[in-house]
Amino acid sequence: PVNLSNVQGDILAGIPKKFETTIFFNINNDVAAFRKHLTQVVPLITTTTQAKGTRDSILQHKQNAAAQGVQAALLPVVGVTLGFSQLGLKKIGINDSIGDPVFEQGQLKDAQHLGDKGTITNGQFTPDWLPAFKNGVHGVFVIAGDSIITIEAKIAEIKLKLGLTITEVFRSTGNVRPGPEKGHEHFGFLDGISNPAVKDFDTNPLPGQGTPVRPGIILLGREADPNLAARPSWAVEGSFLAFRYLSQLVPEFDQFLKKNPIPLPGLTPEQGSEFLGARLVGRWKSGAPLDLAPLKDDPILAADPQRNNDFDYSFPEDLQTQDRCPFAAHVRKTNPRNDLQNNTETRRIIRRGIPFGPEVTPSEAQQGKTTHDRGLLFRCYQSVLANGFQFIQVSWANNTGFPFGKPADQVPGFDPIIGQAADPASRIMGGTNPQNATANLGLPAEWVVSKGGEYFFAPSISALKTTFAT
Ligand code: N7H
């Protein structure tokens, strides 16, 4: 069984948030001092038991307010997550292999393989990343909460305890988008709907979550961890956190939809554009999945957690046609469900993350050109990076042939949202027009641009106390 007071809260439960600040840091030369001061920071790290408790009390609070017919006030919430990169482990003096070559190599060396853009000089690839990620960082704090003020207060508390033992290298603050865009990422689509249920934690999975994944798919050293034998004891109940700073070219994305409406009889150009957006993602902006709402948005279905994830591309016509949902639509590429006979357990990841950057300005919208950086501070958890994040990005999203076994005249193409092409001219997607399934749509250069990232290890609370701190 999993000890929920030992696993960091962000992994299985998630910390309720309106804002979130991600701080990347280096450990200064007095490592012994860092480890000593870290002892006082460990009690500030949120556990799964605490995160779940917070979730439950917010739910209760909202229900009470609804029963009284009043608007629920925002409860003060703040949660802290801590992870270390391979460089960080080394700096601390932890030299055991953790049993994950992708983590040990680090994301910078993985950038080219992931398809990130960059330049080659003297045979050496350098990605077009923000400097912080090109120089390597030792660790990351993620501080999530209800307001900037609670978050800043918590950061001050952490910094006071760590004193001069760390140097902040880079930070980015994300926020839930305003008004009706709450919960939607910057392209406008509702996010955070589908995550796997985890055995020993999610006792009441929602329809569509499928068989809960065994805990070792997310946590090291637990049931069904594929590399169980390779784990040092301190790694048990930790998880790998893949972080990506992903900029999104929203006005450019919107212009493309505007210029390429799906020409279905009876649709206005605006409806055709909206339909194309849904065909790229596999869900309408409301969150309603194409597999259940193939021709028209269904906001009521979208808002119903009992129904909005309850599909697996199993309608009789689904597996061999793109009538309902293109093979390469983002949600189908990244979780192909019955395209793989629902044998996807080892590929599942738990996604967290939050949008960053301002809303699109009127002048950006008018010119169809991004001038303010915005996007997604993406992070996800898994026990094996080569099975989770890395596999989904490289072997699925960037792989034009996936999902395999479809009619030979219909190439799925790239995941239009996150698929990265070495040759821009090759970035195509099949099946966007349900009435012309063999036609390919040429996509412009990536609308989601990777500006960096790193692979971190989020240790258990007991490991933080005994192996990381002293
Ligand atoms: Fe994706 N988007 O707005 O298009 N994603 N994603 N993602 N994503 C999902 O089902 C988006 C990214 C997955 O179980 C939804 O919760 C954007 C990366 C997976 O059916 C939407 C970016 C990776 C799922 C988006 C981005 C993934 C998923 C639907 C970057 C992994 C669950 C909401 C800026 C390598 C699929 C939902 C399932 C869902 C979007 C990144 C993976 C709307 C804009 C890097 C596994």
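Where is the place of D291? D291 sits in the loop between α10 (269-281) and α11 (299-302). Helices (H or I, at least four residues) and strands (E, at least two) are DSSP runs, numbered from the N terminus. Before we zoom in, please note that this is a predicted model, in which local features need pLDDT of at least 70 and side-chain atom pairs count only at pLDDT 80 or more, while totals for chains, interfaces and linings use all residues. Residues are numbered from 1 along each chain as its sequence is written, and side-chain values use heavy atoms, with hydrogens and water left out.

View A. The side chain of D291 does reach the backbone nitrogen of Y313, at 3.0 Å. Leaving aside residues up to four places away in sequence, D291 touches F311, D312, Y313, S314, F315, D318 and R324, where contact means heavy atoms within 4.5 Å.

**View B. R324 and its partner E317.** Which residue does R324 meet in a salt bridge? The partner is E317, at 3.1 Å from N to O. R324 is buried, with a relative accessible area of 15%, whereas E317 is partly exposed at 30%.

**View C. The iron atom and the shell around the ligand.** H330 is the only protein donor of the ligand's iron atom, through NE2 at 2.1 Å. Donors are N, O and S atoms within 2.8 Å of the metal (3.2 Å for Na, K and Ca); water is not among the atoms, so sites may look incomplete. H330 belongs to helix α12 (residues 330-334), and α12 gives the most to the shell around the ligand, with 3 residues. In total, 25 residues surround the ligand, and the closest are I193, S194, H330, R337 and R351; a residue is near the ligand if one of its heavy atoms lies within 4 Å of it.

**View D. Side chains facing oxygen atoms of the ligand.** A polar side-chain atom of R337 lies 2.7 Å from a ligand oxygen. For N335, an N or O atom of the side chain is 2.8 Å from an oxygen atom of the ligand, and for R283 the distance is 3.4 Å.

View E. K154 pairs with E157, their closest N and O atoms being 3.2 Å apart. These two are separated by about one helical turn because they are 3 residues apart in helix α8 (residues 148-162). K154 counts as buried at 16% relative accessibility, and E157 is partly exposed at 31%. K159 forms a salt bridge with E168, with the closest N and O atoms 2.4 Å apart. K159 is partly exposed at 32%, and E168 is partly exposed at 27%.

**View F. A linked network of charges.** D10, K17, E20 and R379 are joined in a network of salt bridges. The whole count comes to 23 salt bridges.

Technical notes. A polar contact is a pair of N or O atoms within 3.5 Å; within protein, one must be able to donate a hydrogen and the other to accept it, and residues adjacent in sequence count only if both atoms are side-chain atoms. A salt bridge is a side-chain nitrogen of Lys or Arg within 4 Å of a carboxyl oxygen of Asp or Glu. Buried means under 20% relative accessible area, exposed over 50%, partly exposed in between (1.4 Å probe, protein chains only).
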